[in-house]
Amino acid sequence: MSWTLSPADVFSASPVVPVMVVEDAADAVPLAKALAAGGITVFEVTLRSAAALDAISAIARELPEALVGAGTVLNVAQYDAAVAAGAKFVITPGFTPALLKHAKAGPVPLMPGIATPSEAMQALELGYTHLKFFPAEINGGAKALKALAGPLPQLRFCPTGGVSAANARDYLAVKSVMTVGGSWMLPAERVAAKDWDGITRLAADAVAAVKG
Ligand SMILES: O=C(O)C(=O)C[C@H](O)[C@H](O)COP(=O)(O)O
């Protein structure tokens with residue numbers, strides 16, 4: 001692999017990764033700046049909106065010291081598009097062998113989503129050790145992840161999906177968990193209202209919550 005960054009660099013850059021859905025590309029930079037003011041400088045922009053690639057480009061350009069990545073990447077074309085837009089890492093909800101083989105030869109790290117031991121083993125077999133546990137809470141939460149990670153100590157995880165200020169520390173207490181992902185610090189209604197100060201407060205609260 002000739003990735004410019006290691007997955008460990010990404011997972012260790014912040015104890016919490018905000019999962020962003022950006023509907024209007026003009027919101028991308030103010031939203032990223034609001035999160036940065038709250039102490040979070042790693043961003044996962046999901047490719048679930050038409051504005052996502054423009055949002056990634058804008059954040060990469062305006063906040064060069066931050067780490068902006070793409071989420072919800074489902075196939076090789078989206079991996080390539082995310083890289084072209086300036087994504088420094090890629091996260092997926094699940095994986096296909098084709099996508100993992102493609103990303104291995106690509107320039108930026110990919111962290112595949114898994115939910116079962118067999119999926120974790122397949123990802124490991126394909127050379128991937130830093131994985132997203134998704135959807136985390138509905139699959140049994142921190143207890144389930146601890147049990148899953150037990151026989152796979154070489155793996156590291158970012159649980160995402162249902163993570164909140166209330167349970168983030170339970171996940172981070174699991175030895176294999178390096179960071180958690182979630183959208184709780186940027187509720188859609190606050191983004192729609194351009195309540196950047198409110199989002200800064202929620203981001204600061206999230207950082208305080210994960211640190212305990
Ligand atoms: O699209 C992806 O790749 C995802 O990561 C799915 C969800 O957007 C995150 O899991 C956030 O989930 P919540 O924090 O529960 O809102």
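Helices (H or I, at least four residues) and strands (E, at least two) are DSSP runs, numbered from the N terminus. The structure here is a predicted model, so a pLDDT of at least 70 is needed for local features and 80 or more for side-chain atom pairs to count, while totals for chains, interfaces and linings use all residues. Residue numbers start from 1 along each chain as its sequence is written.

Take Gln78 to begin with, a residue of helix α4 (residues 76–85). A residue counts as buried if 20 or more other C-beta atoms, placed from the backbone, lie within 10 Å of its own, as exposed if 12 or fewer do, and as partly exposed in between. Gln78 has 19 such atoms within 10 Å, so it is partly exposed. Setting aside neighbours within four places in sequence, Gln78 touches Leu47 and Val73, where contact means that the C-beta atoms, placed from the backbone, lie within 7 Å. Between Gln78 and Phe134, which are 56 residues apart along the chain, the C-alpha atoms are separated by 19 Å.

Two strands pair if DSSP finds at least two bridges between them. Strand β1 (16–20) is joined to β2 by two bridges, and the two run parallel; here Val19 sits opposite Glu44 of β2. To get from β1 to β2 the chain goes through α2, in a right-handed β-α-β crossover. Right-handed means that, with the strands pointing away from the viewer, the path from the first strand over the helix to the second runs clockwise.

Strand β2 (residues 42–46) is in turn joined to β3 by five bridges, again in parallel. Phe43 has Val68 as its bridge partner in β3, and Val45 has Ala70. The chain crosses from β2 to β3 through helix α3 (residues 52–62), and this β-α-β crossover is right-handed. Four of the five residues of β2 are buried, so the rest of the structure largely encloses this strand. As for β3 (residues 67–71), five of its five residues are buried. In a regular strand, side chains alternate between the two faces of the sheet. In β3, Leu67, Gly69 and Gly71 point one way, Val68 and Ala70 point the other way, and all are buried.

What about helix α2 (residues 28–37): which of its residues are buried? They are Ala28, Leu31, Ala32, Ala34 and Leu35. Seen down the axis of α2, these buried residues fall within an arc of 155°, so they line one face of the helix; the arc is that of the directions from the helix axis to the C-beta atoms. Their cover includes β1, β2, α3, α9 (188–192) and α10 (196–211). After α2 comes Gly39, with a positive phi near 105°.

There is also an open sheet of three strands, with parallel pairing and the order β6-β7-β8. β6 (113–114) and β8 (156–159) are at the edges with a single partner strand each, so one side of each has no neighbour in the sheet. Two bridges link β6 to β7 (residues 130–133) in the parallel sense, and Ile114 has Phe133 of β7 as its bridge partner.

Finally, the ligand is surrounded by 14 residues, the closest being Thr72, Thr160, Gly161, Gly182 and Ser183; a residue is near a molecule if its C-beta atom, placed from the backbone, lies within 6 Å of it. This shell holds five nonpolar residues, eight polar and one charged. Here Ala, Val, Leu, Ile, Met, Phe, Trp, Tyr, Cys and Pro count as nonpolar, Asp, Glu, Lys and Arg as charged, and the others, Gly among them, as polar.

Terms used:
Contact = placed C-beta atoms within 7 Å.
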